[in-house]
Amino acid sequence: MIITKTREEIELMRESALVVSKTLGILAKEVKPGVTTLQLDKLAEDFIRSEGAIPGFLGLYDFPNSLCMSPNAQVVHGIPNDQPMQEGDIISIDCGAIKNGFYGDHAYTFAVGEIDEEVKKLLQVTKDSLYKGIKEFKIGNRVGDVGYAIQKYAEDHGYGVVRELVGHGLGKNMHEDPEMPNYGKRGRGKKFVEGMVVAIEPMINMGTKNIKQLKDGWTILTRDGKPSAHFEHDVALVDGKPELLSTFDYIYESLGIESDEEREFRK
Ligand code: MG
Ligand code: MG
């Protein structure tokens, strides 16, 4: 069952999403060679708590940390550890926070120092596919329209779209209805309705779409060992159109990047 949100609840959810956006902005400055993912996890937890929020992933389904940190061939759900990041790595950081009883859940894949051109392209295409999907989250469309847009764009670039993990409705629970796959058929699936809030989160592999899981019970990796990227936004359906609750602007500010990619989806 889809749990729609009132305008007031959507504003509360914007606060939750912004705690995550700000956290990612702080982490953006610290993603560099020699830093460990465990150090970033601690930084994130402290900041989230200082904002009067609670880390959303810590303890969720027994996950041990505040951040999912997935380098290189890891797709999602990587566990922070004490291995230093290295020049040329990429690292997907997925972060959750609970504020006012609502979840924020939002992710970005960062370059560690200079990365190969072909990996740079994977990150750009994955992020662009996220916006292709967001554009389809509107009244008159269905779940399959978002999935189709993401899949088409990623596959046109020769990439693999992960099937086993999907986006989701978001609210007082981290995972609500509907599931939001990053693949699909136009006009299929549940109908979008005013007041829905979803996390749209393409997970795109440079090579095969196939994945495997480590024995830790969490870490998802590409089956061929090639890199994977993951970008996620929280989006509300307001006045029939997609409205972003999360933002990459704090990241861009930290990295000195100019971007107007979110303009059409702002309140
Ligand atoms: Mg997430
Ligand atoms: Mg999510």
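Reply: In this predicted model, E201 touches D94, D105, V166, G167, H168, N182, H230, F231 and E232, leaving out residues up to four places away in sequence. Contact means heavy atoms within 4.5 Å.

Me: Which side chain has a polar contact with E201?
Reply: The side chains of E201 and H168 are joined by a polar contact of 3.0 Å. The term denotes a pair of N or O atoms within 3.5 Å, where within protein one must be able to donate a hydrogen and the other to accept it, and residues adjacent in sequence count only if both atoms are side-chain atoms.

Me: Is E201 buried or exposed?
Reply: E201 is buried, with a relative accessible area of 6%. Buried means under 20% relative accessible area, exposed over 50%, and partly exposed in between (1.4 Å probe, protein chains only).

Me: Which residue bridges the two magnesium ions, ligand 1 and ligand 2?
Reply: D105 does, and the ions lie 3.1 Å apart.

Me: What about numbering and confidence?
Reply: Residues are numbered from 1 along each chain as its sequence is written, chains are lettered from A and ligands numbered from 1 in the order written. Local features need pLDDT of at least 70, side-chain atom pairs count only at pLDDT 80 or more, totals for chains, interfaces and linings use all residues, and side-chain values use heavy atoms, without hydrogens and water.

Me: And how accessible is E232?
Reply: E232 is buried, at 0% relative accessibility.

Note on methods. Donors are N, O and S atoms within 2.8 Å of the metal (3.2 Å for Na, K and Ca); water is not among the atoms, so sites may look incomplete.
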